[in-house]
Amino acid sequence: MNWFRDFLLPKSAASNTGDVDGLFMFISWLTVFFFFFNGGLIWYAVRKWRRRSNNDITPHITHDTKLEVIWSVIPLIVVMFIFFWGFRGYVRAWVVPNDALEIVVTGKKWVWEFEYPDGSRSLNDLHVPLNKPVKLVMHSEDVIHSFFVPAFRIKRDVIPGRYTELWFTATEPGIHQVYCTEYCGRGHSDMLARIFADTPEQYEVFLREGDEQVRKMPLKELGKLVYENKGCATCHSIDGTRGQGPSFKGIYGHELKDAAGKTHTVDANYIRDSILNPQAVVVAGYEPIMPTFQGLLREREILGMIEYIKSLQ
Ligand code: CUA
């Protein structure tokens, strides 16, 4: 019967997904059973007791105690069974193991930021060691977001002004998709993150040196990757269309005016300052809504961004 589970649920990639999957499949099969059981009873009754002639009068029956007890007690047993099964899974899902690795998650329009125990940070790409419990301490800088990892069967709201928690133990190596599942504005559907379930060696290398690609990629390609993966694309277009922020197309080497009417030339330093201290110069006609990327991008990624914007003529 695994085909039915594989049809309904994504492949499981964490340790305690069994609680969710087992109960989910039990309820699904129960639904299938009662669809045919109830349908069959109706079909049987309609055939057996249909009106056969004009003077075929149905006897007046007010109730049947035995039948009513049966159809009350059996469902009660079934739903109490579901309740205790669900409660067991709920407790396991919310009680975090003491040895869990703690990672701070910040949701903001429209990126996910991750901070590791050693203080290093990453955007939209969360690296975790395989087979080790990981606890996420989550909060939001602006509106309500929601952190959803289908392959881990976990989801929880990320709220401004308070911490919420999730935990998991990744068991499948590879990349697992994260979605934002609380509508949070224009970039909501782009608010995607990926969880990299690393071997202990890969995780060490990540903490020490950052991603392989950041070190080796040509700058322009790296800039494109940063543009697509680190949230730039949600506000800045590359084809000249107006977004929440100015388009990147053809701005390099040109002048623009800030809100006070002062002129600035878009060069490498201007781009760098705009990434690290975006509120310092806000282009006329736009809202000062961009968050700072200070500490979130490596030097090489900023250089990549500059090369990429330069290429968009
Ligand atoms: Cu963040 Cu939707």
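Is Val158 buried or exposed, and what is its relative accessible area? Val158 is buried, with a relative accessible area of 0%, where buried means under 20% relative accessible area, exposed over 50% and partly exposed in between, computed with a 1.4 Å probe on protein chains only.

The structure is a predicted model, in which local features need pLDDT of at least 70 and side-chain atom pairs count only at pLDDT 80 or more, while totals for chains, interfaces and linings use all residues. Residues are numbered from 1 along each chain as its sequence is written, and side-chain values use heavy atoms, with hydrogens and water left out.

1. Val158 belongs to strand E7, residues 154-158; helices (H or I, at least four residues) and strands (E, at least two) are DSSP runs numbered from the N terminus. Contact is taken as heavy atoms within 4.5 Å, and, not counting residues up to four places away in sequence, Val158 touches Gly107, Trp112, Met138, His139, Ser140, Val143, Ile144, His145, Ser146, Phe147 and Thr164. One of these, Ser146, is 12 residues from Val158 in sequence, with a C-alpha to C-alpha separation of 5.1 Å.

2. Cys180. This residue is placed in strand E9 (residues 174-180), and Cys180 is buried, at a relative accessible area of 7%. With residues up to four places away in sequence not counted, Cys180 touches Trp112, His145, Ser146, His188 and Met191. The C-alpha atoms of Cys180 and Arg156 are separated by 9.7 Å, and the two residues are 24 apart along the chain.

3. Nonpolar cores. A nonpolar core is a set of buried Ala, Val, Leu, Ile, Met, Phe, Trp, Tyr and Cys residues joined through side-chain atoms within 4.5 Å. The largest such core has 34 residues, and those with the most contacts inside it are Ile103, Trp112, Phe114, Leu136, Phe147, Phe152 and Phe168. Apart from it lies another core, of 27 residues, which includes Val111, Val283, Leu296 and Leu297. For Ile103, the residues touched, not counting those up to four places away in sequence, are Phe114, Glu115, Tyr116, Pro117, Leu126, His127, Val128, Val134, Lys135, Leu136 and Val137.

4. Helix H7 and its crossing with H8. In helix H7 (residues 268-276) the buried residues are Tyr270, Ile271, Ile275 and Leu276, and they pack against strand E11 (255-257), strand E12 (263-265) and helix H8 (299-311). The axes of H7 and H8 come within 10 Å and cross at roughly 125°; axes are lines fitted to C-alpha atoms, for helices over the stretch in contact, with angles running from 0 to 180 degrees between N-to-C directions. H7 and H8 are therefore oblique to each other, given that angles under 35 degrees count as roughly parallel, over 145 as roughly antiparallel, 65 to 115 as roughly perpendicular and the rest as oblique. Ala268, Ile271, Arg272, Ile275 and Leu276 of H7 meet Glu299, Ile302, Met305, Ile306 and Ile309 of H8. By class, this contact of H7 with H8 has 8 nonpolar, no polar and 2 charged residues, where Ala, Val, Leu, Ile, Met, Phe, Trp, Tyr, Cys and Pro count as nonpolar, Asp, Glu, Lys and Arg as charged, and the others, Gly among them, as polar.

5. Helix H6 against H8. The axes of helix H6 (residues 219-229) and H8 come within 7 Å and cross at roughly 95°, which makes H6 roughly perpendicular to H8. The residues in contact are Leu219, Lys220, Leu222, Gly223, Lys224, Val226 and Tyr227 of H6, together with Arg300, Glu301, Leu303, Gly304, Met305, Glu307, Tyr308 and Ser311 of H8. By class, the contact of H6 with H8 has 7 nonpolar, 3 polar and 5 charged residues.

6. Backbone points to check. Most residues other than glycine have a negative phi, and most peptide bonds are trans. A cis peptide bond joins Lys109 and Trp110, with omega about -10°, and Trp110 is placed in the loop between strand E1 (101-108) and strand E2 (111-115). Asn131, not a glycine, has a positive phi of about 55°; Asn131 is in the loop between strand E4 (125-129) and strand E5 (133-140) and is exposed, with a relative accessible area of 53%. Arg153 also has a positive phi, near 60°, and lies in the loop between strand E6 (145-149) and E7, but Arg153 counts as buried at 15% relative accessibility.

7. Asp21. Asp21 lies in helix H2 (residues 17-48) and is buried, with a relative accessible area of 8%. Leaving aside neighbours within four places in sequence, Asp21 is in contact with Arg5, Leu9, Ser12 and Arg153.
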